[in-house]
Amino acid sequence: MKHIEYVKVDYKDRRPTTEFPARHGPDDPITGIKQMWFERGEPARYFGLAPNDADLTTPGIIREISEADWAKLIEQRREVRLQELAEHRWRIETGGVILPDGSRILTDRESQAQLTSAYQSLSMPFVESIDWKAADGWVTVTEAELRPIAQAVAQHVQACFKAERYVSEQIAAVEGAEALHGLDISGAFGKELENIKEA
């Protein structure tokens, strides 16, 4: 297979989208391309593998990519996948946690900071109780009442980072564009997170 960069072409008239929009819908410039990833733009540029016998002078093919340049692109893509993983972890980390009693606790960064501060004030103890504005109104909580909530949030946040670490190690270890492209980040993260929480 040949490493290539290309753009889509019009399904009927075969003009590349660098010249005209694909009025009849987009298509690959040649058959048999295995798309690895794309980069947004006007038009979007695609990177993939073409059959060895493909005619790379066909309109829509931007260039054949050397092995050395392809290796550099893979490392850049690896960084993109790590960033996708970090963004996914952040969404899960800050998306809240459900306690065993069914109540939902906010875990955005501000809520984490407020909870940590409140728990430290109670555990020092600077104060014996704290007035807390909960989702359904005001409550007064003691250290004993806040401890399981603080513990659940801390365990949730730590599990998210631990899962990110495991999946980032998978991303670092995977070889080749196909394996890197095919890695299901959200699925791998979810599986690791579940394993951590069950342990």
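The legends below describe close-up views of a predicted model.

**View 1. Packing of helix α3 against helix α5.** Helix α3 spans residues 143-173 and helix α5 spans residues 185-198. On the α3 side, the contact is made by His156, Ala159, Cys160, Lys162, Ala163, Glu164, Tyr166, Val167, Gln170 and Ile171. On the α5 side, Ile185, Ala188, Phe189, Glu192, Leu193, Ile196 and Lys197 take part. By class, the residues of this α3 and α5 contact are 11 nonpolar, two polar and four charged.

**View 2. Packing of helix α1 against helix α5.** The axes of α1 and α5 come within 10 Å and cross at roughly 50 degrees. Helices α1 and α5 are therefore oblique to each other, and α1 passes α5 in a right-handed crossing. Arg81, Glu84, Leu85, His88, Arg89 and Ile92 of α1 meet Ile185, Ser186, Phe189 and Leu193 of α5. The contact of α1 with α5 divides into five nonpolar, two polar and three charged residues.

**View 3. Salt bridges within helix α1.** The whole structure contains 16 salt bridges. One of them pairs Arg81 with Glu84, with the closest N and O atoms 2.8 Å apart. Arg81 and Glu84 both belong to helix α1 (residues 67-93) and are three residues apart, about one turn of the helix. Arg81 has a relative accessibility of 8% and so counts as buried, whereas Glu84, at 28%, counts as partly exposed. A salt bridge also links Arg89 and Glu93, the closest N and O atoms being 2.7 Å apart. Arg89 and Glu93 also lie in helix α1, four residues apart, about one turn of the helix. Both Arg89 and Glu93 are buried.

View 4. The side chains of Glu5 and Arg63 form a salt bridge with an N to O distance of 2.6 Å. Glu5 is in strand β1 (residues 2-6) and Arg63 is in strand β6 (residues 61-64), so the pair ties together parts that are 58 residues apart in sequence. Glu5 counts as buried because its relative accessibility is 4%; Arg63, at 32%, counts as partly exposed. Salt bridges that share partners join Glu5, Glu39, Arg45 and Arg63 into one network.

View 5. The peptide bond joining Glu42 and Pro43 is cis, with omega about 0 degrees. Pro43 is located in the loop between β4 (34-39) and β5 (45-50). A cis peptide bond also runs from Met124 to Pro125, where omega is near -15 degrees. Pro125 sits in the loop between α2 (109-123) and β9 (129-134).

View 6. Although Arg14 is not a glycine, its phi is positive, at about 65 degrees. Arg14 lies in the loop between β2 (9-10) and β3 (26-27). With a relative accessible area of 33%, Arg14 is partly exposed.

Technical notes. Residues are numbered from 1 along each chain as its sequence is written. This is a predicted model: local features need pLDDT of at least 70, side-chain atom pairs count only at pLDDT 80 or more; totals for chains, interfaces and linings use all residues. Side-chain values use heavy atoms; hydrogens and water are left out. Axes are lines fitted to C-alpha atoms, for helices over the stretch in contact, and angles run from 0 to 180 degrees between N-to-C directions. Helices (H or I, at least four residues) and strands (E, at least two) are DSSP runs, numbered from the N terminus. Contact means heavy atoms within 4.5 Å. Ala, Val, Leu, Ile, Met, Phe, Trp, Tyr, Cys and Pro count as nonpolar, Asp, Glu, Lys and Arg as charged, and the others, Gly among them, as polar. A salt bridge is a side-chain nitrogen of Lys or Arg within 4 Å of a carboxyl oxygen of Asp or Glu. Buried means under 20% relative accessible area, exposed over 50%, partly exposed in between (1.4 Å probe, protein chains only). Angles under 35 degrees count as roughly parallel, over 145 as roughly antiparallel, 65 to 115 as roughly perpendicular and the rest as oblique. A crossing is left-handed if the near helix is turned anticlockwise from the far one by less than a right angle, and right-handed if clockwise.
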